[in-house]
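Let's take a walk through this model together. Have the sequence and the 3D view open, and follow along as we go.

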Amino acid sequence: MSLLFRDVRLIDGVSHEAREHVDVLVAGERITAVEVRDTTRTTAPEVAVVEGSGRTLLPGLIDAHAHYTFDPTEGSLQAIARRADEEILALARRHASLALRAGVTSARGAGSIRDLEVVLRDEIAAGGTQGPRIVAAGTAVGSIGGHGSAFGLEATGPEGLAGITRQVIDAGADVVKVVASEAAMLTTTGLGPGAMVHGAPELTLDELRAVVDVARAAGRRVMSHAQDGESVRRSVAGGVTSIEHAWLADEAAIQALAASGAWLVPTLVVTDVNRTLPGLTAIQRERQDLIEVKHRISTETAIRLGVPLATGTDTGEVGVTADMVWREVALLRDHGASPMTAIKAATSSAARLLGIDGEVGTVAVGKLADLVLVEGDPLVDVGVLARPVGVWQRGQAISA
């Protein structure tokens, strides 16, 4: 089956500007031509035509921080962990399907209970479940009793961290998720009312280096949950590929991140969603306002310093659903990124971070036909990304 996207505005993930009046031809799974519109061209009967006038075609979106096996209506990972595997997977399949229908054709898992993210990845790859292709972390690694203990393996000391890193890789992880700090959330998973943490480091530099060394030897990248400045500094000194969150990081930490060349996945959606959660106490509201201000400053600093960005929603957190990558794009723009930089964070930049840029992330000849078509121009109104006209994965249209 061949497809012709005729006369589209094209955001290809590479160019600094959109290209007008472009034809994109797809044969089977791959893009075979990207050409200026030729009004004299005739189309063979076997080629299905998708009219693009007034519409924008762009690469499939990427969520670089997704927890499809978590439940955005349940704030306790401990409660989720008490559910049967099949119950968790049934909900995860629905989350993955929602993401794909919203234009998210690829995702990076950020850790799961009992390695169920790997099960979901394999189901999608085999065609049994509809969802984004997943670069899976499987089970996170972290400190004993730390933030990752509810969905990860626990150890102490460099040898201990190296050992559990080997375990998650042997279990099928494509990427290693290390939990380098506490999680200074509006509410803190697993703690009683009023108990708070502050994003402080949970791993030493030597422990982080041990994780990275094992991962590199196995050809894996490392994503680091790091919220405060010290955990960010330790993580980049240890050689991680990306920093997740950095909500509370100071300018010196962001400068170290910029110098390292690592990516930032700021997960702005989480603190934005927390603004509208119902029933917040006065203390929670004060805490949310503080976290949000610090988060905005750290992200704006990263954008100003040119840190490479990738969109990640942290879907699975309370209120954060799998269709919110478009909202992360909008928030990056609101925090100072240009509209094109924000869109690239959800396409070509995220693909490079995940190591899948040889296949997806740009609209180019030879790439897989992971494509999103929207009405209007997302460089003018990013909100159109929330309402795709159509989504294609490997050249196949995704039903609504």
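This is a predicted model: local features need pLDDT of at least 70, side-chain atom pairs count only at pLDDT 80 or more; totals for chains, interfaces and linings use all residues.

Begin by finding the open sheet, which has three strands in the order β6-β7-β8. The pairing here is parallel. In general, strands of a sheet pair through backbone hydrogen bonds, and that can happen in a parallel or an antiparallel way.

Now look at the two edges of this sheet. They belong to β6 (61-66) and β8 (133-135), and each has just a single partner strand, so one side of each is left without a neighbour in the sheet. Going from one strand to the next, the twist averages 20°.

Zoom in on β6 and its partner β7, which covers residues 104-109. Four bridges join these two strands in the parallel sense. If you'd like a landmark, go to A66: across from it, in β7, stands G109.

Next comes the helix. α3, made of residues 116-125, packs on the sheet and touches β6, β7 and β8. Its direction makes about 145° with that of β8.

From here, turn to the largest pocket, with a volume of about 320 Å³. Sorted by class, the lining has six nonpolar, seven polar and four charged residues.

Technical notes
Residues are numbered from 1 along each chain as its sequence is written. Side-chain values use heavy atoms; hydrogens and water are left out. Two strands pair if DSSP finds at least two bridges between them. Axes are lines fitted to C-alpha atoms, for helices over the stretch in contact, and angles run from 0 to 180 degrees between N-to-C directions. Contact means heavy atoms within 4.5 Å. On a 1 Å grid over the protein atoms alone, a cavity is a set of points where a 1.4 Å probe fits but cannot get out, and a pocket is an open set with protein on both sides within 12 Å along at least five of seven lines; lining residues have an atom within 4 Å of a point. Grid points are joined across faces, edges and corners, and a volume is the space filled by probe spheres set on the points. Ala, Val, Leu, Ile, Met, Phe, Trp, Tyr, Cys and Pro count as nonpolar, Asp, Glu, Lys and Arg as charged, and the others, Gly among them, as polar.
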